[in-house]
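This report describes a ligand site and the arrangement of chains around it. The sequence and structure are shown first.

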Amino acid sequence: MNTSLGNVLRYTLLIAVGLIMLYPLIWLIGASFKTNSEIFGNASILPENPTLDGYIKGWETSTPYTFGRFFWNSFLIILPKTIGTAISCALVAYGFARFDFPYKKILFGTVIATLLLPNVVTRIPQYILFRDLGWLDTFLPLWVPSALAGDAFFVFMLVQFLRAIPRDMEEAARVDGANSLQTLIFIVVPMLAPALISVCLFQFMWTMNDFLGPLIYISSVDKYPVSLALKLSIDTTESFEWNRILAMSVLTILPALIVFFLAQKHFIEGISTGGVKG
Amino acid sequence: MASVDLINLEKTYGGGFRAVHGINLNIADGEFMVLVGPSGCAKSTTLRMVAGLEEITGGEVRIGGKVVNSLSPGERSIAMVFQNYALYPHMKVRSNLAFGLKLAGVPKPEIRKAVDEVAAILEIEPLLDRLPKQLSGGQAQRVALGRALIKKPGVFLFDEPLSNLDAKLRASMRVRITELHKRLKTQGLSSTVLYVTHDQTEAMTMGDRICVMQGGHIMQVADPKTLYNRPANLFVAGFIGMPEMNLIDGRLDGDAFVLGDQRLPLDLSRLPRRPAQAVLGVRPQNLTPGATGLTGTLAHVEFMGHDVNLHVDIGPARMVATMPAADFDRLDRAGDRVTLTPDPSALHIFDKDSGDNLSL
Amino acid sequence: MASVDLINLEKTYGGGFRAVHGINLNIADGEFMVLVGPSGCAKSTTLRMVAGLEEITGGEVRIGGKVVNSLSPGERSIAMVFQNYALYPHMKVRSNLAFGLKLAGVPKPEIRKAVDEVAAILEIEPLLDRLPKQLSGGQAQRVALGRALIKKPGVFLFDEPLSNLDAKLRASMRVRITELHKRLKTQGLSSTVLYVTHDQTEAMTMGDRICVMQGGHIMQVADPKTLYNRPANLFVAGFIGMPEMNLIDGRLDGDAFVLGDQRLPLDLSRLPRRPAQAVLGVRPQNLTPGATGLTGTLAHVEFMGHDVNLHVDIGPARMVATMPAADFDRLDRAGDRVTLTPDPSALHIFDKDSGDNLSL
Amino acid sequence: MKQRHIGLAYLSPYILGLLVFTMIPFGASLYLSFTDYNLMQSPNWTGLANYWELFTTDRTFRRSLLVTLTYVFLTVPLKLAFALFIAYILNHKLRGINLFRTAFYVPSILGGSIAIAVLWRYIFAEQGIVNMALLGLGLEPVNWFGDPTNALITITLLRCWQFGSAMVIFLAALQSIDKSLYEAAACDGAKPWHSFVFITIPLITPVIFFNLIMQMVQGFQEFNGPYIITQGGPLKSTYLLPLYIYDEAFKKFNMGYASAIAWVLFLIIMVLTLVAFWSSKKWVYYAGDKR
Amino acid sequence: DDLRMSWWGGDARHVATQEALKQCGTKYGHTIAAEFTGFDGYLEKLTTQMAGGTEADIIQVNWPWLPLFSKDGTGFADLRSLTAIDLSQWTEEQLTAASMNGVLQGLPVSTTGRVFFFNKTAFEKAGLAIPTTWDELMAAGGKMGDGAQPFNAVKETAQLIITLSVVQKTGKDLVDPATNRVAWTAEELAAGFEFYNQLVETGTILSAKDEAAAGGVNLFEKPEWADGRIAGSYEWDSTYAKYADPMAEGQELVPVEMLTFADAKTKGVYRKPSMVFSVSKNSKNPEAAAQIVNCLLNEEEGIAALGDSRGLPASKVAAEWLATNGKVDPMVKAANDIAMAADGPVISPFNEHPEIRGLFLDTLEEYAYGMIDAPTAAQVVIDGANATLAKFD
Ligand SMILES: Nc1ncnc2c1ncn2[C@@H]1O[C@H](COP(=O)(O)OP(=O)(O)OP(=O)(O)O)[C@@H](O)[C@H]1O
Ligand SMILES: Nc1ncnc2c1ncn2[C@@H]1O[C@H](COP(=O)(O)OP(=O)(O)OP(=O)(O)O)[C@@H](O)[C@H]1O
Ligand SMILES: [Mg+2]
Ligand SMILES: [Mg+2]
């Protein structure tokens with residue numbers, strides 16, 4: 001068998017494609033140590049005169065707060081949002097996958113439909129809604145809708161997962177005297193854990209990158225999350241410090257990168273329980 | 001008191017499919033009742049209605065005399081062992097066992113005691129800290145059993161608990177479960193069992209009584225020996241026994257059974273009536289090579305160790321005869337002509353149309 | 001010519017685990033060879049090396065005398081039937097059968113003809129337009145068989161093809177496969193078979209010869225009868241036979257086998273040597289209740305239809321005796337004292353240390 | 001039975017969210033699509049005027065729709081193929097596969113970061129990597145960003161490059177294929193690419209379908225790619241509908257009109273999704289379905 | 001916090017403005033919450049807030065946005081009605097530019113104009129003098145060596161070059177304030193398009209297609225700009241530093257007098273308020289907001305703290321204070337002087353109305369790609385612009 005030759009081919013391909021994948025990250029990291037004039041002056045990855053300037057100044061920011069504050073704010077949004085998403089989507093997916101009730105098809109249809117309308121046009125009505133709720137300049141608009149299973153993608157995904165998990169354990173639990181909520185908590189959630197981890201990870205990364213939401217709903221600088229803080233000083237009509245922005249970009253990407261690497265095993269296993277059977 | 005009574009029990013599934021057709025069955029307190037039948041005959045459906053996992057669409061289920069139709073599974077004083085064990089994959093064996101008690105709010109030390117007790121009975125103490133995926137099939141089976149035992153329920157429900165095990169393990173688990181049932185009974189613990197299987201060996205060896213089902217109907221309820229020796233109808237006759245009973249289409253002519261151009265003289269005086277089309281039933285063990293009887297071509301000889309199975313083609317029918325290997329030494333005589341002599345006391349005559357056993 | 005020869009065949013897995021320890025086995029052209037052994041004994045590994053699905057790390061596989069170590073499975077003139085059938089789930093039965101020929105570029109009309117032929121042999125014509133999931137276990141099994149047949153390969157490889165079927169179906173498929181093998185042979189089609197199973201009934205009934213494996217070693221290769229009557233060692237003795245052979249630890253003292261405080265007089269003159277620790281082997285069918293022999297407590301009686309199994313506890317050992325139900329009518333005598341008399345001609349004495357059968 | 005209400009009870013968070021946070025903005029945007037709302041003054045009902053204009057006189061809409069459709073039909077299959085191909089390779093047991101998986105997911109983590117715009121310039125600029133390669137092969141260099149027909153391709157390639165989530169899902173599906181099918185195919189004489197075409201692809205059609213729907217939805221809502229790379233140009237060759245909606249809404253303040261475009265887009269995606277669902281009966285193989 | 005102020009900008013502006021707010025807040029006993037971001041997304045945020053009536057009390061508004069937010073002069077508070085502001089620090093021309101429908105909607109923070117920057121070093125190397133007329137510039141096309149261009153004109157800049165050429169030849173701004181319609185004839189505008197084409201054909205600037213090939217890179221990010229292979233551009237006076245900073249060691253960028261045609265009627269300078277400070281019409285305390293605005297623009301605390309973070313101030317007192325205290329970059333000052341000194345018609349904010357600007361750019365692109373000829377392009381722009389203007393009648 002020519003497995004070794006196959007492996008050589010595979011590795012060559014993987015490394016070649018992998019480099020293209022990694023290039024921007026490598027460039028980003030390299031450039032974050034460059035001086036401003038060097039960033040666009042030459043295309044090399046390694047800085048000629050490496051400097052930590054970008055990191056130091058970038059961390060200080062032009063606000064009364066350091067970048068740490070903005071990370072903390074991001075965390076304050078991500079934490080309830082992720083937890084809320086996981087809980088609410090698990091509940092809702094459980095409802096869809098395990099129970100029959102009137103209008104189920106229509107309700108499921110709305111889940112798909114919410115994915116389809118470009119949100120540019122719902123932005124203003126939504127803003128006015130949150131204004132009337134008195135939620136402006138708080139984190140609430142950023143996570144409450146998600147915590148009410150508002151992210152259709154996740155609901156859809158978890159429903160698919162659940163459909164692939166046999167019901168036997170749940171029945172065993174019911175015979176053991178558990179009610180449906182206990183069954184959900186003690187049996188379904190642990191078995192769904194890999195899928196839920198994937199949901200949390202996706203939500204983590206997307207929230208970390210979301211710029212427009214915080215921009216519109218948060219006006220106080222002390223409440224800015226990193227995504228917003230990152231663009232705080234980019235004024236295309238004036239000059240600005242590229243290396244600070246790149247340095248902070250690197251810091252912003254880092255958590256997602258680490259989390260993905262650590263979780264990717266669960267992540268992939270997680271989806272495979274549900275991915276197979278439509 | 002944990003008798004189980006099914007009264008005109010019906011099940012019609014959402015799609016309108018009628019799976020159970022109003023069956024009646026009384027299972028006495030402490031009885032080991034086996035539900036047996038081919039795949040799809042609604043054994044599981046019946047069991048699950050008793051468990052409360054499936055809505056009852058007609059009739060009643062009574063446990064200990066009390067109608068339980070509207071109770072949830074947790075309230076029915078039952079425990080169930082599933083075909084694939086349905087162990088909670090994320091919990092250690094100990095927690096799997098303790099889960100029901102925990103839900104019931106039993107204090108921790110008591111739970112601990114109960115777990116240890118059950119583990120001792122089932123000899124699974126060394127496994128308590130493993131996860132289900134670290135168990136072999138037989139071990140998982142015992143844990144599933146333990147999970148049912150620990151609740152000290154009135155009724156045990158089993159849904160093909162052994163079908164995922166290999167033959168050897170199945171044999172030993174069979175013995176273990178029956179012994180356990182006896183033990184519980186002698187300890188005075190009410191332990192009514194409703195045991196679903198499609199394996200007739202299990203049914204025969206385990207049940208106090210056996211209920212044979214087909215297509216949502218009960219075909220016969222009887223103890224194993226009666227079922228084996230006096231099957232009520234064609235279906236039961238064909239279903240029970242290994243190798244299968246030979247069932248040969250033919251007709252009755254005078255005092256003989258006629259198959260093609262061969263005549264088998266019989267004592268037909270006992271028959272209440274003479275069917276138009278008859279089926280002759282005889283078990284392979286009750287056929288011996290001899291001078292008289294039915295003659296055919298030996299198609300194939302199966303060596304089974306102590307026994308051999310002779311597969312003989314008699315006209316269009318195939319008959320199997322089982323005899324000690326010592327009596328039939330040569331295995332390579334395929335193609336030979338063989339005459340099989342049935343034991344006259346072990347012959348059955350069935351009415352082909354109604355399926356009834358007329359010779360009972 | 002499609003003999004199969006394994007010559008010092010070895011398999012060491014990536015992790016360094018040595019699964020097959022240099023085995024030698026010659027399978028003649030047209031022979032039906034069964035590989036049997038407990039789970040994990042490397043049956044599948046061996047088979048898969050023959051198929052070319054697993055890299056050979058030592059020794060040779062020859063098919064028809066030609067070393068095939070470096071050929072791909074498609075080039076080895078083999079066909080394989082998998083345990084789970086491995087039918088292509090998205091293809092109709094017809095396409096499943098045709099796939100191999102299609103890849104080989106056989107013209108359409110010929111494929112059609114071949115499919116129809118095979119379908120006729122296996123009686124699966126009505127199934128040709130179904131998807132695999134619309135087949136019952138037995139039907140799927142036949143399709144899998146058809147997929148192998150259609151290629152007219154030199155060697156058929158089977159990996160536990162029946163283990164997913166229920167007992168009844170297993171019994172009938174057993175017969176079907178053996179008959180098919182014979183038919184192919186009489187048609188002059190080379191049809192060497194290498195059949196893996198862990199079910200000894202299959203091994204016994206199907207094999208021309210049986211190769212018993214354990215832990216990557218071959219324990220014995222012999223025809224079924226020899227294997228049953230003259231097991232070479234403890235392992236084979238325990239593995240072959242149903243119910244299992246009773247194997248009782250004890251020691252030889254004078255001309256008797258001693259178990260606790262009981263003595264069983266034996267003719268030990270044939271023994272080439274006297275082991276320090278002896279194991280007495282006797283099949284359940286060779287024990288009858290009698291006046292002399294080993295005495296114990298009846299723990300449990302299993303009614304098997306024609307037979308009953310008596311489970312008797314003799315000291316720390318449990319013995320099983322099988323006898324016709326007619327000879328042992330009462331099933332409720334658990335707790336009684338029973339004496340079991342062995343058939344002296346069917347006794348085996350094993351050396352506990354080496355496992356060898358000394359009484360051969 | 002009681003169960004009916006239990007099911008709805010579990011849905012209650014979703015239903016609450018739907019009523020409060022989704023229905024109102026959805027309804028509002030639908031209403032606005034029938035008005036002349038310009039953000040600064042209260043809307044006036046204009047009936048079908050917006051839609052009428054959209055379908056009769058609006059050249060930009062027609063061009064933009066055409067570009068969008070081209071983009072979707074170009075990107076979705078390419079991206080799916082690429083993601084599947086990489087997933088297929090990553091599905092083998094290799095040393096360090098975790099690292100590779102992470103590396104291949106990096107582009108998706110980067111999202112719309114500036115680093116990507118920079119990278120794309122390096123790759124596709126006049127003297128970029130691609131053109132160097134073309135020169136090296138003795139071919140003419142191509143004007144990627146400046147040529148209307150090529151610019152869309154660069155956006156397409158950008159999206160194909162960010163194939164992480166589709167890949168992860170494919171990977172999962174691949175891992176769940178019964179290995180013995182490949183072995184059976186090998187015994188049937190199949191070469192690896194036979195197995196891929198005849199076994200792998202058909203067996204993961206449910207996931208291909210899922211990704212297809214998801215990618216299609218995302219494709220129709222693509223905004224960031226052209227926004228950071230080409231800003232819709234040249235000659236509006238990358239001016240996707242979401243860009244147009246955005247410009248109408250937030251640059252020209254024609255919110256009513258933008259809503260109308262969005263709802264037309266909504267209907268288009270809806271119809272395509274329904275068509276996909278309908279066609280899936282023909283080509284998607286569901287292992288889990290009843291007989 | 002009793003007041004809020006929102007703005008966009010870079011680091012320097014953020015720091016300076018926060019400091020100024022602190023100073024002015026202390027002075028008048030207010031606390032002012034600062035809401036600031038980068039430029040990206042600021043318009044969306046402001047739009048959303050305006051639609052929801054939740055905008056800050058003091059808002060930094062881009063001058064071209066005025067017609068969007070305040071079509072008829074009612075979008076923001078009428079600044080003439082707020083007594084705290086000393087309007088005498090601005091010329092009437094400046095105030096008119098910041099008025100909609102005659103209502104003063106914002107206070108010009110700085111006045112900015114497009115001026116020519118040339119890379120002195122590059123021209124010296126090529127042995128050419130820095131051009132002073134269009135003809136000289138075009139003459140330099142193709143003579144800079146190794147494929148270099150003497151000039152740059154992309155997107156807005158290209159559009160403004162066309163505008164400049166038409167203004168210089170006609171003496172009229174795009175929009176006639178009297179009729180609120182396009183003042184140019186189709187022939188005049190077509191000549192402008194052709195002039196652009198002439199620049200391309202003489203090798204003075206790159207064609208639009210070749211420009212796009214680089215991937216829409218900003219001029220100051222281009223290595224060609226840094227090393228002098230692009231030797232000039234037409235940019236806002238206030239952005240001198242942005243273009244000068246990235247230049248390679250030894251390259252010198254200088255602001256230059258307006259280039260003209262021989263028959264030019266005016267220098268046609270494109271001068272406008274760069275941005276304005278507006279007061280929300282929903283403000284609970286508009287007078288307090290006015291105090292702060294006045295402090296930021298006209299009082300020493302504000303002027304000193306803000307410095308030139310928003311360009312050279314339009315307010316007279318601020319401009320003087322900065323000049324006397326030497327807080328101004330001499331090059332920026334030089335550029336600003338050129339823009340201020342040159343003559344030209346008053347620039348209507350409609351020049352930068354998104355619809356008109358978008359149409360102009362799109363049409364220019366089509367023209368540049370050879371899809372349409374100059375007369376057609378001119379007609380399209382004029383018809384489209386008139387249609388937009390008609391909405392404001
Ligand atoms: N949810 C359901 N909806 C409709 N029909 C069902 C449903 N569940 C089972 N059935 C049908 O009811 C009949 C009885 O099914 P059941 O599972 O009780 O059979 P069984 O005897 O347990 O078979 P097996 O031995 O295969 O487990 C079958 O024909 C089955 O197809
Ligand atoms: N890929 C592998 N890597 C390492 N060890 C393996 C691998 N495959 C099998 N083994 C080990 O090799 C031994 C033989 O495995 P094999 O599958 O051949 O057993 P088997 O006899 O077919 O068992 P079964 O009856 O359970 O199928 C086992 O101990 C198994 O754990
Ligand atoms: Mg069942
Ligand atoms: Mg195996």
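## Polar contacts of ligand 1

In this predicted model, a nitrogen atom of ligand 1 lies 3.2 Å from an N or O atom in the side chain of B:Y13. Oxygen atoms of the ligand also take part in such pairs. One oxygen atom of ligand 1 is 2.8 Å from a polar side-chain atom of B:K43, and an N or O atom in the side chain of B:T45 lies 2.4 Å from an oxygen atom of ligand 1.

On its own, ligand 1 has 630 Å² of accessible area, of which the protein covers 62%.

## Composition of the shell

The residues that surround ligand 1 include the three named above, B:Y13, B:K43 and B:T45. The shell also contains B:F17, B:A19, B:S39, B:G40, B:C41, B:A42, B:S44, B:E160 and B:H198.

Sorted by class, the shell comprises 5 nonpolar, 5 polar and 2 charged residues. Helix α1 of chain B, spanning residues 43-51, supplies the largest share of this shell, with 3 residues.

## Contacts between chains

Which pair of chains has the most contacts? Among the 8 pairs of chains that touch, the most contacts are found between chains A and D.

Other pairs remain apart. Chain B, which carries the residues around ligand 1, does not touch chain E, and the nearest C-alpha atoms of chains B and E are 47 Å apart. Chain C likewise has no contact with chain E; the closest C-alpha atoms of chains C and E lie 47 Å apart.

Conventions: Residues numbered from 1 in each chain as written. Chains lettered and ligands numbered in written order. Predicted model: local features only at pLDDT ≥ 70, side-chain atom pairs only at ≥ 80, totals over all residues. Heavy atoms only, no water. Near = heavy atom within 4 Å. Polar contact = N/O pair within 3.5 Å; in protein donor to acceptor, adjacent residues only side chain to side chain. Areas by Shrake-Rupley, 256 points an atom, 1.4 Å probe, with all protein chains shown as cover. Helix = DSSP H or I, 4+ residues; strand = E, 2+ residues; numbered from the N terminus. Nonpolar A, V, L, I, M, F, W, Y, C, P; charged D, E, K, R; others polar. Contact = heavy atoms within 4.5 Å.
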